[in-house]
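Here is a friendly briefing to read alongside the sequence and the 3D view. Take a moment to look around before going on to the topics below.

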Amino acid sequence: MSTTIYYGSVVNPVNLTSFQALPRCLLAVGATGCVEWLVEDVEDALVRETMGRMGCLDNVVIPLKETEFIMPGFIDTHTHAPQFRNIGSGQQYELLDWLSIVTFPTETKFADLDFARRTYSSVVRRIINNGTTTCCYYGTLHLEATKLLADIIKSYGQRAFVGKCNMDRNCPDYYVEPSAEASIDATESLISHIRSLDSNHTEEPLVQPILTPRFAISCSPPLLASLGKLVLSDSSLRIQTHISENESEIELTKELFPECPSYAHVYDSFGLLRSNTILAHAVHLEPHEMDLIAQRGAGISHCPTSNFNLSSGVAPVGEFLDRGIKVGLGTDVSGGYSPSILNSVQTASIAAKVVAMQAKGSKPTSGNFSDRQLSVATLLYLATLGGAEVCDLKERVGSFAPGKSFDALIVNVSDKGGNPCIWGTGEEEKGKAALEGMLERLLFCGDDRNIARVFIQGKLVGGTEF
């Protein structure tokens, strides 16, 4: 593959409060699927001259339509692949009842590998077509089915972290691992399998293993201790788990671990709270837990749709950001009812506004984010570069810069695309302000119909034009 050059509008996140809106950008993607260079502002008449200066005069330029722009792919820091089968079911329950009545019975079906293959093939395709270029997947407790999930993700070309749930207690008799030793053996087998998928790859592979203690309730102390020993010997091994999603869950966790002052301290006491740990939800963290998470450099996956849908509460994301905690977004299917990070963006905006309305007049608003609504720049960051930080991938994905992977979306916000919520976006609009407006309309009104092309490591893998 030779160098591919795009010309048109590019949106590039910078930090929590700013992004670049570049309506006349030249962006070059090399044969390795990484960004070679980008020139931010090039007049139409100067495109050929600029390409000559960059040594690419013979390359074909791919022009974007007036209603199209390129942006980094979305990063989903928390979802459950087997739960797609029960999206929209049991939403009248809170977490623990929802798990026992709806979710665990569904997950047991993945002992059937034919069932798992059919389901996971559809799941991964749907997630990619919704614009998610990097995804953190929970599998079930079944080793072979989770190996199959990793195989399917690899074949589709998605960047992902895949984990087999560790759960050896406080689960139904029909859905629990027989012992801590069996759980660890299966986990090590999965790690070996996933790493063998790219054994000859010199760079960081697209599909990587991730340790997945489901949550503290489902893991015995010997199991958590063994997981802690496993990560102690492998600094690259990420960890994903749940924390402080539901008040009943927190109460039970404290009963099971009375020696620990908080839920966060449970994970920390076993060496599972570190810079590449992803903590989902964090709705009801105590201030000293936030301090501990910030000290350890762990990240939080904010799953607002699920938090509303299962009546868990509203996470104080602004406070996390003011404390310097890394935050990304998660869909948390099927607590969340959409596989799209755009849905998470929209609900995260509402959640922040709820927090701001509740706090209004009750106390002085402090910090840049606490008790405030989230700006377009912040929402974009959480969906892209923030998620990359949480996944310990910030140097690789999440924004565009020379040497970073071209994990990208070509978005089309034309009102001819079939999305009834996109209105009046036509070719008459031009310039930086128009591009900023297009981004805002995508974030608040967009869906998979607006995701025209999905690229991962420079390769076209999904979208409506795939």
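A residue is called buried when its relative accessible area is under 20%, exposed when over 50%, and partly exposed in between, using a 1.4 Å probe and protein chains only. Phe104 is buried, and Tyr175 is buried too. This is a predicted model, in which local features need pLDDT of at least 70, side-chain atom pairs count only at pLDDT 80 or more, and totals for chains, interfaces and linings use all residues. Residues are numbered from 1 along each chain as its sequence is written, and side-chain values use heavy atoms, with hydrogens and water left out. Helices (H or I, at least four residues) and strands (E, at least two) are DSSP runs, numbered from the N terminus.

**Aromatic rings**

- Rings of Phe, Tyr and Trp (its six-membered ring) pair if their centres lie within 6.5 Å; planes under 30 degrees apart count as stacked, over 60 as edge-to-face and the rest as tilted.
- Searching the whole structure turns up nine aromatic pairs.
- One of them is the tilted pair of Phe104 and Tyr175, at 5.6 Å centre to centre with 50° between the planes.
- This pair links distant parts of the chain, 71 residues apart: Phe104 sits in helix H2 (residues 95-108), and Tyr175 in the loop between strand E9 (165-166) and helix H5 (180-196).
- Phe110 and Tyr120 make a stacked pair, with 5.0 Å from centre to centre and 25° between the planes.
- Here the partners are ten residues apart, Phe110 in the loop between H2 and H3 and Tyr120 in helix H3.
- Phe110 counts as buried because its relative accessibility is 0%, and Tyr120 counts as buried at 0% as well.
- Tyr6, Phe400, Phe406 and Phe455 form one aromatic cluster.

**Salt bridges**

- A salt bridge is a side-chain nitrogen of Lys or Arg within 4 Å of a carboxyl oxygen of Asp or Glu.
- By this rule there are 19 salt bridges.
- Lys147 and Glu144 form one of these, at 3.5 Å from N to O.
- These two are separated by about one helical turn because they are three residues apart in helix H4 (residues 143-156).
- Lys147 is buried at 16% relative accessibility, whereas Glu144 is partly exposed at 43%.
- Lys164 and Glu177 also meet in a salt bridge, at 2.6 Å from N to O.
- Lys164 lies in the loop between strand E8 (159-163) and E9 and Glu177 in the loop between E9 and H5, so this pair ties together parts that are 13 residues apart in sequence.
- Lys164 is buried, with a relative accessible area of 2%, and Glu177 is buried with 6%.
- In helix H15 (residues 431-445), Glu436 and Lys432 are four residues apart, about one turn of the helix, and their salt bridge has its closest N and O atoms 2.7 Å apart.
- Glu436 is partly exposed at 29% relative accessibility, and Lys432 is partly exposed at 46%.
- A network of salt bridges links Arg24, Asp41 and Glu43.
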